[in-house]
Amino acid sequence: MRNDDNETANSYKVNLNLPETQTYAVGSFGKGSFPMIAVSSSNELLFKNLCGGIKLQFKGIDKIKSLKLESIGGEKISGKATVIGYVDGTAPVITMTNNDKSYTYVTLDCGEGVQLSEITPTTFIIALPPVEFASGMKLTVTGTDGLSRTLTNSSSNTIKRSSLLRFPVITYQQEGV
C-alpha cells in the first residue's frame, strides 16, 4: 500500500473492536477474542499478537457460569480500539478509544457452565489489550447456582502483549472465594 504522497508507508492504522463478552475455550482464548496483525512491504506476512491476557485458575466443586473482570481505575479493556502496525516488524501498538464505545470491563461467558475440580485447577483465560491496572482490578465470578462472588486486587498489575499474567490457584466455594 502507499500513502497519499505515493510513497510506501511505514505503518498502517486499523480500527477494531475487542469484544466485551468473550466465549470460554478450554485452555485458551475464546474464538474472536485474540486478534493479530501483519504488515509487510513484501508478500511475506508475519502476524503479531495485539493482546495479552490474564490466566485464572480455580479449584472447587461448583460450576462457573461467567467471570467479569473490571478495572478499578477506569482503564479501558474492551470495545473500540485503534491499532498501528509497522512494516519494519516493530511490535504493534493498540490504543483503546476514550469514549462511550470502549469499556472498563470484559466478561468471559462459560455457556452452560464449566465444572470445577477439587483436585485439578481449571484454567480460565481472558484476552486483554496491553494495560496497566494502576489501581487494581475486580473479578466477579458467577456460578450456575446464580450466586456471585467478588475478588478485588488493589495492587498494580500490568498486562503485556503476547504474555499471560498468571494468578495463583483460587479455591472457589459455595460460601465465597
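What follows is a dialogue on how the terms used for this predicted model rest on its values.

Trainee: What is the mean pLDDT of the protein, and what percentage of residues reach 70 or more?

Mentor: The mean is 90, and 93% of the residues reach 70 or more. The term pLDDT stands for the predictor's confidence in each residue, from 0 to 100. Over residues 1-6 the value is below 50. That stretch has 7 contacts in the model beyond near neighbours in sequence, where contact means heavy atoms within 4.5 Å.

Trainee: How many helices and strands does the protein have?

Mentor: There are 0 helices and 17 strands. The C-alpha trace spans about 65 × 30 × 25 Å along its principal axes.

Trainee: Why is G53 called buried?

Mentor: G53 has 0% relative accessibility, so it counts as buried. The classes are buried under 20% relative accessible area, exposed over 50% and partly exposed in between, with a 1.4 Å probe and protein chains only. G53 belongs to strand β5, residues 52-60. Leaving out residues up to four places away in sequence, G53 touches F29, I126, A127, L128, I159, S163, L164 and L165. L128 is 75 residues from G53 in sequence, yet their C-alpha atoms are 4.8 Å apart.

Trainee: Why does E118 count as exposed?

Mentor: E118 is at 58% relative accessibility and therefore counts as exposed. E118 sits in the loop between β10 (105-115) and β11 (122-128). Not counting residues up to four places away in sequence, E118 touches K59, G60 and I61.

Trainee: What makes A134 partly exposed?

Mentor: Its relative accessibility is 45%, so A134 counts as partly exposed. A134 is in the loop between β12 (131-133) and β13 (137-143). C110 is 24 residues from A134 along the chain, and their C-alpha atoms are separated by 28 Å.

Trainee: Why is L151 placed in the partly exposed class?

Mentor: L151 has a relative accessible area of 29% and therefore is partly exposed. L151 is part of strand β14, residues 148-153. L151 and I125 lie 26 residues apart in sequence and 16 Å apart in space, C-alpha to C-alpha.

Trainee: Why does S162 count as partly exposed?

Mentor: S162 is at 40% relative accessibility, so it counts as partly exposed. S162 lies in the loop between β15 (157-159) and β16 (164-166). Its phi is near 65°, a positive value in a residue other than glycine.

Trainee: What percentage of the residues are buried?

Mentor: Of the 177 residues in the protein, 40% are buried. The protein exposes about 9600 Å², with 47% supplied by carbon and sulfur atoms. Accessible areas come from the Shrake-Rupley method with a 1.4 Å probe, and for residues only the protein chains shown count as cover.

Methods
Residues are numbered from 1 along each chain as its sequence is written. This is a predicted model: local features need pLDDT of at least 70, side-chain atom pairs count only at pLDDT 80 or more; totals for chains, interfaces and linings use all residues. Side-chain values use heavy atoms; hydrogens and water are left out. Helices (H or I, at least four residues) and strands (E, at least two) are DSSP runs, numbered from the N terminus.
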